Amino acid sequence: MVIEVLVVQSSLGHPQGAAEHAVDGNRDSNYAKGNLALGGKAVQSTTNSGLGVAQNAIDGNRQSIHALGSCSVTNGDKDPWWRVDLLDVYRVTRVSITNRGDCCEKRIEGIQIRIGNSLENNGNNNQLAATVGPIPLGDTKTFEFKPVSGRYINLIVPGRNEYLTLCEVEVYAGER
Ligand SMILES: [Ca+2]
């Protein structure tokens with residue numbers, strides 16, 4: 001397993017208003033360790049089949065062979081998206097994504113990682129934290145960025161028809 005670490009800084013500002021910052025705070029209890037996605041609830045724009053349900057991307061298993069039922073897969077939607085609700089607000093600093101291993105390596109290229117507290121446009125308008133480049137078949141890549149506060153983590157493929165396939169998404173807040 002090859003894990004690469006990319007440091008990405010958002011080029012966006014901070015669109016959230018003062019009220020959200022007040023909610024955000026710096027609560028130590030939310031400066032958590034461990035993979036926050038494991039306790040979350042996942043949904044996606046469409047589901048290709050029973051083998052590809054959204055929750056498969058947060059089942060704690062990086063198994064990348066689609067037929068073994070641990071990857072999420074949408075239909076070939078325009079701008080397909082996947083979202084996990086962390087059920088609480090965290091200062092997210094790191095997201096790891098495991099690509100499918102049995103085919104379709106390039107489907108994952110160009111995914112945007114968006115984080116925030118809004119469900120406007122299904123959460124896809126939240127702050128851009130990082131953009132995903134190539135990930136080799138079956139590999140996991142970690143994206144690090146300045147803390148972005150939010151309970152929703154969206155992965156969206158903007159601007160094209162695509163089958164969004166995610167074999168595992170891990171979300172971390174705070175220090176390693
Ligand atoms: Ca999985």
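**Reading the chain**

Tutor: Let us begin with a residue in its setting: Val-171 has its place in strand β9. Please keep in mind that this is a predicted model.

Student: Is Val-171 buried or exposed, and why?

Tutor: The general idea is to count the neighbouring C-beta atoms; a residue with 20 or more others within 10 Å is called buried. Val-171 is buried because 22 other C-beta atoms lie within 10 Å.

Student: Which residues does Val-171 touch, leaving aside those up to four places away in sequence?

Tutor: They are Asn-35, Leu-36, Ala-37, Val-84, Leu-86, Val-92, Val-95 and Ile-153. Position along the chain and position in space should be read separately. Val-171 and Leu-38 are 133 residues apart in sequence, yet their C-alpha atoms are 8.5 Å apart in space.

Student: What share of the chain's contacts with a separation of 6 or more comes from residues 24 or more positions apart?

Tutor: Such residues account for 78% of those contacts. Burial can also be stated for the chain as a whole: 41% of its 176 residues count as buried.

Student: How many helices and strands does the chain have, and in what order do they run?

Tutor: The chain has one helix and nine strands. From the N terminus on, the order is β-α-β-β-β-β-β-β-β-β.

Student: How should I read the pairing of strands, for instance that of β4 and β7?

Tutor: One asks in which sense the two strands run and how many bridges join them. β4 and β7 pair in the antiparallel sense, over 13 bridges. Within β7, Ile-153 has Val-84 opposite. β5 and β7 also run antiparallel and are joined by five bridges. There, Ile-115 stands opposite Ile-153 of β7.

Student: Where do the side chains of a regular strand point?

Tutor: In a regular strand they alternate between the two faces of the sheet.

Student: How many residues of β7 are buried?

Tutor: In β7, 13 of the 17 residues are buried, so this strand is largely enclosed by the rest of the structure. Thr-140 lies in β7 and is buried, with 20 other C-beta atoms within 10 Å. The C-alpha atoms of Thr-140 and Arg-62 are separated by 8.2 Å, although the two residues are 78 apart along the chain.

Student: Which residues of the largest nonpolar core touch the most other members?

Tutor: That core holds 40 residues, and those touching the most other members are Ala-57, Ile-113, Leu-166, Val-169 and Val-171. At least two core residues come from each of β4 (81-98), β5 (112-116), β6 (127-131), β7 (140-156), β8 (161-166) and β9 (168-173). The greatest contribution, eight residues, is that of β4. As for Ala-57, its contacts beyond four places in sequence include Ala-42, Cys-71, Trp-82, Leu-166 and Val-169.

Student: Which residues other than glycine have a positive phi, such as Asp-79?

Tutor: Asp-79 is not a glycine, yet its phi is positive, at about 55°. Asp-79 is found in the loop between β3 (72-78) and β4, and is partly exposed, with 16 other C-beta atoms within 10 Å. Asn-122 is another residue other than glycine with a positive phi, near 60°. Asn-122 lies in the loop between β5 and β6 and is partly exposed, with 17 other C-beta atoms within 10 Å.

Note on methods:
Residues numbered from 1 in each chain as written. Predicted model: local features only at pLDDT ≥ 70, side-chain atom pairs only at ≥ 80, totals over all residues. Core = buried A, V, L, I, M, F, W, Y, C linked by C-beta atoms within 7 Å. Buried ≥ 20, exposed ≤ 12 C-beta atoms within 10 Å, placed from the backbone. Helix = DSSP H or I, 4+ residues; strand = E, 2+ residues; numbered from the N terminus. Contact = placed C-beta atoms within 7 Å. Pairing = 2+ DSSP bridges.
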